[in-house]
Amino acid sequence: MTSWIDACAKSDIEAEESFRFDHSGRVLLIYRSPDDEYFATDGICTHEHIFLQDGLVMGYEVECPKHASTFDYRTGEALKAPACVDLRTYPVKIEGERVLIGL
Ligand code: FES
């Protein structure tokens, strides 16, 4: 069963930016897309143990700051080598001004 965790305010994230959210030992990233939707993935690259919050967010992609693999943050799909394993994604819902993540 999904439990919804209050992660941040909508205004904590600019469009085409990400926000790191740590919860119960997990590191997640929450994204705000150019068309104002919110998404969440694991916040650690699947290639090596590198935090993605320092990576560039462009359109619907996040780029790993170490070897420049890119992932589609809507689906988690690894788009560019060397990472070849997709990022795990999490459901997001908006309640008023708050962003909730389903874990
Ligand atoms: S650590 Fe992310 S692409 Fe290598």
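Two strands count as a pair here if DSSP finds at least two bridges between them. The strands themselves are DSSP runs (E, at least two residues), numbered from the N terminus. What you're looking at is a predicted model, so local features need pLDDT of at least 70 and side-chain atom pairs count only at pLDDT 80 or more, while totals for chains, interfaces and linings use all residues. Residues are numbered from 1 along each chain as its sequence is written, and side-chain values use heavy atoms, with hydrogens and water left out.

Follow strand 2 and you'll find seven bridges linking it to strand 3 (residues 26-32), with the two running antiparallel.

Two bridges hold the antiparallel pair of strand 5 and strand 6 (residues 61-63). Here methionine 58 has glutamate 61 of strand 6 as its bridge partner.

Now for the inside. A residue is called buried under 20% relative accessible area, exposed over 50%, and partly exposed in between (1.4 Å probe, protein chains only). A nonpolar core is then a set of buried Ala, Val, Leu, Ile, Met, Phe, Trp, Tyr and Cys residues joined through side-chain atoms within 4.5 Å. In soluble globular proteins, nonpolar side chains tend to be buried together. The largest nonpolar core in this model has 13 residues, and those that touch the most other members are Tyr31, Cys45, Leu52 and Phe71. A second, separate core has 12 residues, including Ile5, Ala7, Cys8 and Ile30.

Take a closer look at cysteine 45, which is buried at a relative accessible area of 7%. Leaving out residues up to four places away in sequence, cysteine 45 is in touch with Ile50, Leu52, Cys64, Phe71 and Ala83, where contact means heavy atoms within 4.5 Å. Cysteine 8 is buried too, at 2% relative accessibility.

What the structure does have is six salt bridges, meaning a side-chain nitrogen of Lys or Arg within 4 Å of a carboxyl oxygen of Asp or Glu. One of them joins the side chains of lysine 66 and glutamate 48, at 3.0 Å from N to O. Lysine 66 is in the loop between strand 6 and strand 7, and glutamate 48 is in the loop between strand 4 (38-42) and strand 5, so this pair ties together parts that are 18 residues apart in sequence. Lysine 66 is partly exposed at 47% relative accessibility, and glutamate 48 is partly exposed at 34%. Glutamate 95 and lysine 93 form a salt bridge as well, with their closest N and O atoms 3.6 Å apart.

Aspartate 72 deserves a stop of its own. You'll find it in strand 7 (residues 70-72), and at 10% relative accessibility it counts as buried. Aspartate 72 makes a salt bridge with arginine 74, their closest N and O atoms being 3.0 Å apart, and arginine 74 is partly exposed at 39%. A polar side-chain atom of aspartate 72 also lies 2.8 Å from the backbone nitrogen of arginine 74. Setting aside neighbours within four places in sequence, aspartate 72 is in contact with Tyr60, Glu77 and Leu79.

Our last stop is proline 91, in the loop between strand 8 and strand 9 (92-95). Proline 91 is partly exposed, at a relative accessible area of 41%. Not counting residues up to four places away in sequence, proline 91 touches Trp4, Leu100, Ile101 and Gly102. Glutamate 61 is 30 residues from proline 91 in sequence and 17 Å from it in space, C-alpha to C-alpha.

Note on methods
Helices (H or I, at least four residues) and strands (E, at least two) are DSSP runs, numbered from the N terminus. A polar contact is a pair of N or O atoms within 3.5 Å; within protein, one must be able to donate a hydrogen and the other to accept it, and residues adjacent in sequence count only if both atoms are side-chain atoms.
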